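Take the rings to begin with, then turn to the pocket.

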Amino acid sequence: MKKHKILLSVNILLIAVIFILNYFYQKNGFDFTLKCICSGGFALLGIINLLYAAATRQSNMRFYIGTALGLVLAMLGDVLINHDFIIGAATFALGHICFVAAYCFLRKISRLDLLVSGILFFGALMFLLFCPLLTFEVPVFKIVCIVYGMIISLMLGKAIGNFLKEKSLLNGTIAAASTLFFFSDLMLVFDWFIGLWDWTNEACMGTYYPALCLLAFGMCIKSRRTPD
């Protein structure tokens with residue numbers, strides 16, 4: 001369909017721009033303005049894909065709405081976390097909850113999803129509680145990380161569960177995005193609360209923007225289907 005080819009072109013173009021800007025963002029010492037532009041890019045892409053889905057009357061609009069809200073909250077989290085870690089992390093957590101809800105709109109939550117999520121969270125919890133390299137100068141930060149770890153584990157676990165149940169391009173894209181998101185958050189913990197390696201910030205942002213772009217692109221993939 002011609003309209004969807006145009007949407008696909010817009011997605012590819014915007015994602016390419018975000019990737020290029022992400023490179024310059026890191027090359028320029030993680031400039032805050034460039035960070036906001038990159039984050040605004042994936043939020044804009046989510047809104048564009050949502051509007052297209054609404055205009056073409058796609059089925060399961062709750063998936064598009066949940067994903068778009070998650071992308072907008074991730075953008076806000078990027079802005080806020082530089083000023084206040086707790087508020088920024090809370091905003092990110094709300095975004096992750098929106099993503100989990102969107103995944104549930106694709107396929108209802110199952111025992112497999114909970115099992116995979118539980119295994120991931122157990123690993124994250126053991127790391128946060130017992131890794132000797134971690135230093136939380138503010139004790140509440142550890143609690144925030146544990147709660148956040150539970151939510152991101154559920155997000156990845158649900159994405160993996162969906163893919164194992166239905167091996168489609170959409171579910172594969174979402175699972176890949178969620179895996180990158182999980183890894184990016186792990187690198188953020190390394191950077192903020194261990195701080196021994198110079199490469200962790202680059203690893204965090206180098207996987208973060210591809211993760212968000214893939215999540216937005218998932219909306220484009222789903223909208224190629226003929227509406228019900």
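**Exercise 1. How many aromatic pairs does the count come to, and how are their planes set?**

Step 1. Apply the rule: rings of Phe, Tyr and Trp (its six-membered ring) pair if their centres lie within 6.5 Å, and planes under 30 degrees apart are stacked, over 60 edge-to-face and the rest tilted. The count comes to 19 aromatic pairs.

Step 2. Tyr23 and Phe24 are 5.3 Å apart centre to centre with 80° between the planes, an edge-to-face pair. Phe42 and Tyr209 make a tilted pair, at 6.0 Å and 45°.

Step 3. Phe42 belongs to helix H2 (residues 32–55) and Tyr209 to helix H8, so this pair ties together parts 167 residues apart in sequence. Helices here are DSSP runs (H or I, at least four residues), numbered from the N terminus. Both Phe42 and Tyr209 are buried, meaning under 20% relative accessible area with a 1.4 Å probe, protein chains only.

Step 4. Ring pairs also link a cluster that includes Phe42, Phe92, Phe181 and Tyr209.

A note on the source: the model is predicted, with local features needing pLDDT of at least 70 and side-chain atom pairs counting only at pLDDT 80 or more, while totals for chains, interfaces and linings use all residues. Residues are numbered from 1 along each chain as its sequence is written, and side-chain values use heavy atoms, leaving out hydrogens and water.

**Exercise 2. Which helix supplies the largest share of the lining of the largest pocket?**

Step 1. A pocket is an open set of points on a 1 Å grid over the protein atoms alone, where a 1.4 Å probe fits, with protein on both sides within 12 Å along at least five of seven lines; lining residues have an atom within 4 Å of a point. The largest pocket is lined by 31 residues, and Ser184, Asp185 and Cys204 are among those nearest its centre.

Step 2. The largest share, nine residues, comes from H7.

Conventions
Helix = DSSP H or I, 4+ residues; strand = E, 2+ residues; numbered from the N terminus. Buried < 20%, exposed > 50% of the residue type's maximum accessible area, 1.4 Å probe, protein only.
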